[in-house]
Structure formats: C-alpha cells, structure tokens
Amino acid sequence: MNRLRTGLAVILLAGSIAGCGSASGLTREATVPVNGTATYQGTPLPGYLITFVPVDGRRSAGGLTDSDGKFQLGTNSPGDGCPPGRCKVSVAWGGPPQEEPGNEVLIEDPRKIPKAPIKLPATLEDPNTSGLEVEVPAGGLRDYALEIK
C-alpha cells in the first residue's frame, strides 16, 4: 500500500509540475531556491521524494534525493524552488535515486518500484502527520539539512 501511495505521489507531483504553465491556465507560483540534504538518524536518504507543502494553500514543491540524499525542490518546473513561507514537509520513498535533479525518471507502475533501502515511519509520508515543518525565507534555503531522528 505504501508503494502504491508513493508511486501515485510521484506521478501526481510530476503531473502538477509539468502542468503548471500558462498553457494549462494556472499562473506560475513565485518561488525561491531550496536545496539541501535529507538524512534519517544521520544516514543520507537516497531516492526519497521530499515535499514542502505551504500551509497557506499555495502549490507544493518537491524533488527526489540523489544517492547522497541531496535534493532540489521545484514547484512550476523541476528545480525552480518553493514558495516562501511556512511549509509542512513529507518524506516518502520515490524509487531509485537520480543523479541529476530535474531529470528524474518516473516509474509509473507502483509494482516496479524497488523497496526502500531505509525504512522510515509511515507518518513521514503525509505532511499532516510527519511533524516536520520549515520556514522558507524570502531569500530561499540553500544547503538545508533535513535531519530526521
């Protein structure tokens, strides 16, 4: 079930990023750069989907971690950043790590997503239950350490 939710989350995130241009009728969200490294108990999280969900209802930003746990968020397009302000955060297995942010390969069939190398608490998959929040300043977040204990 977690794989299905994760696979669907990746597909929905990709669809929301791909469909956020003027051709779809949606306005571009103002964003600031956000990148960092995600770790769990000090171990980098490779291949995880990091999602920042603005608490004021603006569009979410997300990105997959690489083999070192590094991520770069995108809202309107891959890697373009996140809306500034308070955000709830979710962390979910997204599939094998991708080395180049913005060129992620999606696995559309959830049954083909390999098992997560690090088992995280299921509560982290939902921004409303993860307990993770971050303030994204107007200048952005660079080299942000998303440390999960």
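Two strands pair if DSSP finds at least two bridges between them; strands are DSSP runs of E of at least two residues, numbered from the N terminus. By that criterion, S3 and S6 pair in the antiparallel sense over seven bridges. This is a predicted model, in which local features need pLDDT of at least 70, side-chain atom pairs count only at pLDDT 80 or more, and totals for chains, interfaces and linings use all residues. Residues are numbered from 1 along each chain as its sequence is written, and side-chain values use heavy atoms, with hydrogens and water left out.

**Strand S3 and its partners**
- Valine 53 has lysine 88 as its bridge partner in S6.
- S3 also pairs with strand S4 (residues 61-64), in the antiparallel sense over four bridges.
- Threonine 51 has glycine 62 as its bridge partner in S4.
- Six residues lie between the strands in the hairpin of S3 and S4, where glycine 57 takes a positive phi near 95°.
- Six of the seven residues of S3 are buried, that is, under 20% relative accessible area with a 1.4 Å probe, protein chains only.

**Threonine 129**
- Threonine 129 lies in the loop between S6 and S7.
- The side chain of threonine 129 reaches the backbone oxygen of threonine 123 at 2.7 Å.

Technical notes. Polar contact = N/O pair within 3.5 Å; in protein donor to acceptor, adjacent residues only side chain to side chain. Buried < 20%, exposed > 50% of the residue type's maximum accessible area, 1.4 Å probe, protein only.
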